[in-house]
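Colleague: Please pick one part of this model and go through it closely, residue by residue where that helps. State your cut-offs as you go.

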Amino acid sequence: MVRLLGPQDRLLTTMERQFPQVTVLVRGNDITLSGESAQVDGARRLVEELLELVRSGHEVTPVEVTSSARMLENDRSAHPAAELLSQAIVTARGKSVRPKTAGQKSYVDAIDENTIVFGIGPAGTGKTYLAMAKAVQALQRKEVERIILTRPAVEAGERLGFLPGTLTDKIDPYLRPLYDALNEMMDPEIVPKLLAVGTIEVAPLAYMRGRTLNNSFVVLDEAQNTTPEQMKMFLTRLGFGSKMVVTGDITQVDLPIGTSGLQVVTRILGSIDDIHFATLTSADVVRHTLVGQIVDAYTKYDQVELARRENPGYQGPSERDRRYRNKR
């Protein structure tokens, strides 16, 4: 019961938020649900799914509670515990990496079934993290000979100028998120050795020019900051026995000028077989619950802004909009 309710009843609180019209009473090992019948039925199925997860030894978090409730709401015959959360991609230091939402499960399945997959969605949806987990899994299973992780060296709004040190020191800040994810999924003592022998390569996108990447699992992160020319260059590096996963958020483009290569490629390659575009939404956010709300708020703002711009009588942003942008 302690594992089901969570520390300080955190999971119980999350369950109650999913079904606000249901009263949950816990006494000892008994849970009593009361309220409107349809809501009680939904809450009962959620508790049963969470119990199955707990009994299987899975450590349940508020994210699993929310995603399971959403899946059960959309499909009464769904079984999140068996269909979504039971299979781990990789396990390292006692921590399992697995999809936590239906959208993430579809994204992971698409990586298995296609040679090139584009994971497009807002921050916190696990695009890069799950792609790197699949890369580590493929290396451990000897499906590929090496992992190549790359991203464009573009600053997020600030201009840092010339960085000191060697070439490695200069590009390291841009690639640090990839190193952090690697160290979470593999033994930190093994990662430097694999990097030294080239089994794992972390490099800026500019270093991909002129290469053919055979028998590799290649992940391009922050692809919204590529130009159309860079995206074409990267995709044509594909060699035999390789997979490519391209991740990005088209709402967070940091390019100073020009069009994002990720925005262009969705219009060019959408009809080609063995290339899949997986779209993740705020429903797939697995960070703090506020992140999903922030994503939704920005989406609504952008829709209103677009509608105002398309209005023939639109004369430019209002003073309120200008103050908002200056704050950003």
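Modeller: Among contacts (heavy atoms within 4.5 Å) in the protein chain between residues at least 6 apart in sequence, 66% join residues at least 24 apart. The model is a predicted one, where local features need pLDDT of at least 70 and side-chain atom pairs pLDDT 80 or more, while totals for chains, interfaces and linings use all residues. Residues are numbered from 1 along each chain as its sequence is written, and side-chain values use heavy atoms, leaving out hydrogens and water.

The chain has 13 helices and 10 strands, taken as DSSP runs numbered from the N terminus (H or I, at least four residues, for helices; E, at least two, for strands). Of its 328 residues, 43% are buried; buried means under 20% relative accessible area, exposed over 50%, and partly exposed in between, with a 1.4 Å probe and protein chains only.

The part I will follow is the largest nonpolar core and its surroundings. A nonpolar core is a set of buried Ala, Val, Leu, Ile, Met, Phe, Trp, Tyr and Cys residues joined through side-chain atoms within 4.5 Å. The largest one has 35 residues, and Tyr107 and Leu182 touch the most other members. At least two residues of this core come from each of helix 6 (102–113), helix 7 (127–140), strand 6 (146–151), helix 8 (167–185), helix 9 (190–197), strand 7 (200–204) and strand 8 (216–220). Helix 7 gives the largest share, eight residues. Setting aside neighbours within four places in sequence, the contacts of Tyr107 include Val117, Leu130, Ala131, Val245 and Leu280. A second, separate core has 21 residues, among them Ile148, Met244, Val265 and Leu269.

Helix 7 also holds Thr128, which counts as buried because its relative accessibility is 17%. Beyond residues up to four places away in sequence, Thr128 touches Leu178, Asp221 and Thr247.

The structure holds nine salt bridges, a salt bridge being a side-chain nitrogen of Lys or Arg within 4 Å of a carboxyl oxygen of Asp or Glu. In one of them the side chains of Arg151 and Asp221 meet at 3.7 Å, N to O. This pair links distant parts of the chain, with Arg151 in strand 6 and Asp221 in the loop between strand 8 and helix 10, 70 residues apart. Arg151 is buried because its relative accessibility is 10%, and Asp221 is buried at 5%. Arg151 also forms a salt bridge with Glu222, where the closest N and O atoms are 3.4 Å apart. Here too distant parts are linked, Glu222 lying in the loop between strand 8 and helix 10, 71 residues from Arg151 in strand 6. Glu222 is partly exposed, since its relative accessible area is 24%.

Arg141 counts as exposed at 53% relative accessibility, as does Glu143 at 51%.

In the loop between helix 10 and strand 9 lies Thr236, partly exposed because its relative accessible area is 48%.
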